[in-house]
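Hi,

Here is the structure we talked about, passed over to you with a few notes. Have a look at it, and then read on for what turned up.

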Amino acid sequence: MSHSAGHAPGSAVAELDNHLEMQFDDAEQQKETSSFGMWVFLVTEVMFFGGLFMAYLVYRSQYPQAFAIGSSQLNFKLGTANTVVLIFSSLTMALAVRAAQLGQKKALVWLLIATMILGAAFLGFKGIEYHEHILEGHVPGANFRYDTPGVSFAVAKEVVLFNILYFCMTGLHAFHMIVGLGLMLWLVIKAQKGAFTPAYNTPVELIGLYWHFVDLVWIYLYPLLYLIDRYHK
Amino acid sequence: MSTLTAQPLSPQPLAPELPANHYLNESHGLKSWLLTTDHKRIALLYMASITLMFAIGGIFAMLMRLELLTPPADLVSDDTYNKLFTMHGIIMVWFFLIPSIPTTLGNFLVPMMIGAKDLAFPKLNLMSWYLFNIGAVVTIYAILSGGVDGGWTFYTPLSTGYLNSHVVAAATGIFIAGFSSILTGLNFIVTTHRMRAPGMTWKRLPLFMWSNYATSVILVLATPVLAITLALVAVERLLHFGIFNPALGGDPVLFQHLFWFYSHPAVYIMILPAMGVISELISTFSRKRPFGYAYIAGSSIAIAAFGFVVWAHHMFVAGISVYAALVFSLMSYAVSLPSAVKVFNWTATLYKGSISYRTPLLYALGFLGLFTVGGMTGLFLAALGLDVHIHDTYFVVAHFHYIMVGGTIMAYLGGIHYWWPKISGRMYPEVWGRLSALLIFVGFNLTFFPQFILGYLGMPRRYHAYPPEFQVWHVLSTAGASILGVGYLLPLIYLTWSYKNSPVAGPNPWGASGLEWQTQSPPITHNFVTTPIVTREAYDYTGIPAPALAVRSEEEASTYVS
Ligand code: HEM
Ligand SMILES: [Cu+2]
């Protein structure tokens with residue numbers, strides 16, 4: 001019984017009513033409810049990643065040496081570049097939300113596309129890194145090499161744990177990025193059709209929140225995975 | 001809480017008629033149900049799904065009880081028995097108890113109790129039902145294609161390295177159903193915050209709302225942790241990783257921590273909504289504002305909070321440090337305080353109330369007794385020294401069944417009877433209702449009380465054979481289970497029957513005070529003709545006429561019984 005489809009262009013009020021779902025009294029209630037819903041969803045996401053962070057915490061404190069070795073085997077430069085890329089994508093996303101609020105359709109579309117390009121670049125770099133791991137024999141369960149010079153077999157087994165966590169954490173993060181790109185594609189199509197106005201732009205705002213969250217996860221992953229032992233170098 | 005504007009508080013006619021338009025006849029056909037976003041219809045969809053799952057889980061239980069009738073293994077092999085208790089546990093915990101009250105009564109009532117037209121996100125609500133069913137189908141696939149064993153707890157490395165059953169499929173099913181829980185919790189939290197009618201302040205919320213709110217907080221915070229943990233189990237099993245396998249450097253105790261970080265709060269997901277139902281029933285059938293409303297409401301929140309810091313009481317013998325065990329033991333004692341607050345408040349509410357012993361109240365009284373026994377034995381288990389003796393015995397089995405089955409299912413059925421007039425527009429048959437409550441209470445105690453004794457005598461859980469001296473207790477338990485089975489079957493039959501044949505209930509057959517009783521039964525699709533404006537405190541019975549129809553069938557009932 002929700003009627004969000006079939007919007008006839010008209011006054012701002014008429015437009016609002018088109019987007020108002022029946023369970024709400026007015027647009028303001030609808031908007032605040034939606035964004036509150038998104039925040040609660042992000043809390044569940046924190047708990048979801050939280051399980052992995054917990055495992056990381058336990059194993060890193062148990063096997064500090066192995067974690068330092070595993071970390072130093074990662075591609076520090078690509079990881080850092082990706083961090084910069086993501087921070088910029090957060091900037092373009094924030095500007096996109098602003099453009100939506102100001103009703104600048106063109107700017108909105110281009111900023112969303114820019115965000116998508118940055119997101120895709122991140123995934124591309126990540127893909128290159130994964131490819132390197134395969135070539136160098138760092139993939140647990142597939143081709144992990146236990147004969148790295150200077151690393152005993154016992155420690156190598158612990159390095160495997162680091163690599164498992166590395167793949168799980170970055171993999172789950174990359175999955176969230178892909179979902180985000182899909183959502184943004186949808187936004188671009190809607191924005192192109194002029195669906196978002198200063199009065200109604202909740203989807204842009206909510207997906208923006210989601211995107212910032214995914215970036216934030218990376219801001220934690222980056223030092224935890226890449227920087228463990230950097231100060232020795 | 002109640003309103004003067006929603007509908008006049010006139011006494012309802014003695015022989016009311018069904019309203020012409022309501023949510024059940026608003027549209028027809030399978031499609032109108034499968035695509036509905038009406039919270040009331042989704043509640044009924046959920047009811048159908050979980051009833052089916054309860055039946056499947058119940059069949060496994062009956063098979064186990066039959067096997068245990070005699071000491072040697074005769075009916076099923078050890079392997080099959082392992083699968084039976086595992087699948088029984090998985091189905092009952094994730095596909096019946098966790099969703100039971102929130103997705104049925106909660107879905108139906110949360111918007112109505114706060115004077116809203118629907119939940120905040122109706123489509124998400126429907127999606128939650130679909131996710132639940134997809135999860136259920138995947139789990140049933142795991143069962144049909146050979147089953148799962150190892151216990152509902154998925155302990156590693158047993159589950160990841162040594163079992164030859166469908167662990168990944170079962171974990172996937174639970175993972176998917178988990179997201180349906182998360183969506184329900186999210187929906188309830190947002191609805192409670194944002195959708196309340198004018199005048200419906202937090203202090204005027206019915207206690208059922210408070211307990212569902214607390215439950216939702218747990219659902220949202222704990223379920224994702226279970227999801228990621230089961231995902232890791234699946235990854236470890238599929239890719240032969242050693243995340244939780246000590247042979248490969250992993251830590252099995254970490255798995256237990258993560259699992260119980262969800263699964264202890266999960267027991268409160270099961271009991272908190274039940275407590276909410278009981279608060280409503282006791283208030284209505286003693287026609288009194290619950291004694292210590294604020295304390296009952298606050299204790300729900302306290303239980304949700306404390307519930308997050310006691311999980312390691314499941315791991316006292318798993319090799320955690322003495323200091324950790326000490327702290328978790330103390331915290332477990334602390335969490336029982338808010339539960340006790342509730343029990344005392346309910347009792348005080350009954351005291352000097354004008355009580356009518358209708359079926360819902362009988363269920364509620366049953367709940368009180370069984371929950372108290374279950375909670376007290378929880379304290380036994382939380383005592384470090386004693387737990388070493390009774391851990392992993394039938395004592396534990398009896399403890400949690402007293403709460404999960406004795407508590408939650410009693411409350412669930414009590415609630416179904418109480419709100420049945422609202423859901424269906426008709427009364428349930430009182431005599432049959434009382435009979436079912438009685439059968440379930442007697443059958444339950446006969447099934448599970450002997451298990452306390454068995455456990456204390458040293459009968460370990462999860463075994464299909466046992467020494468002959470335990471047989472008498474097992475026979476009693478199996479006999480009780482048969483009575484219990486009949487008790488559960490009865491409501492299914494007579495409630496279905498009553499849907500067409502019982503007397504029409506009218507809007508407020510109990511003379512109850514909640515907003516949901518201020519609109520017609522069954523309600524219209526958007527619940528209220530106009531958004532109610534709440535001007536009264538919760539549970540204010542002044543001016544609400546005493547139940548007319550209720551009294552009438554009370555007489556019917558007494559002539560029948562005597
Ligand atoms: C309120 C609702 C409760 C429910 C639904 C519940 C449910 C359960 C379940 C399912 C288990 C067994 C888990 C397993 O090993 O498979 C269990 C064990 C346990 N419960 Fe409860 N419980 C509740 C309350 C309590 C309370 C209030 C306490 C303590 C004050 C408590 C203390 C324990 C302890 C210590 C164990 C572990 C026993 C052992 O394995 O040695 N429970 N409970
Ligand atoms: Cu527990």
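How many contacts beyond four places in sequence does the model have for residues 549-562 of chain B, where pLDDT stays under 50? The count is 18. Keep in mind that this is a predicted model. Averaged over chain B, pLDDT is 93, and 95% of the residues reach at least 70. As for the overall scores, ipTM is 0.91 and pTM is 0.92.

Next, the ligand. Ligand 1 is surrounded by 23 residues, and the closest are Val267(B), Gly378(B), Leu381(B), His391(B) and Phe400(B). Four helices of chain B give two or more residues each to this shell: H8 (252-286), H10 (322-350), H11 (359-382) and H13 (394-424). By residue type, the shell around ligand 1 holds 11 nonpolar, 10 polar and two charged residues.

Then there is the place where the chains meet. Chain A brings 28 residues to the contact and chain B brings 32. On the chain B side, at least two residues come from each of helices H4 (122-144), H6 (167-194), H7 (207-239) and H8. H7(B) gives the largest share of that side, with nine residues. The side of chain B that touches chain A is made up of 21 nonpolar, six polar and five charged residues. Helix H8 of chain B is worth a look from both angles, as it gives residues to the shell around ligand 1 and to the side that touches chain A.

Happy exploring!

Notes
Residues are numbered from 1 along each chain as its sequence is written. Chains are lettered from A and ligands numbered from 1 in the order in which they are written. This is a predicted model: local features need pLDDT of at least 70, side-chain atom pairs count only at pLDDT 80 or more; totals for chains, interfaces and linings use all residues. A residue is near a molecule or strand if its C-beta atom, placed from the backbone, lies within 6 Å of it. Ala, Val, Leu, Ile, Met, Phe, Trp, Tyr, Cys and Pro count as nonpolar, Asp, Glu, Lys and Arg as charged, and the others, Gly among them, as polar. Two residues are in contact if their C-beta atoms, placed from the backbone, lie within 7 Å. pLDDT is the predictor's confidence in each residue, from 0 to 100.
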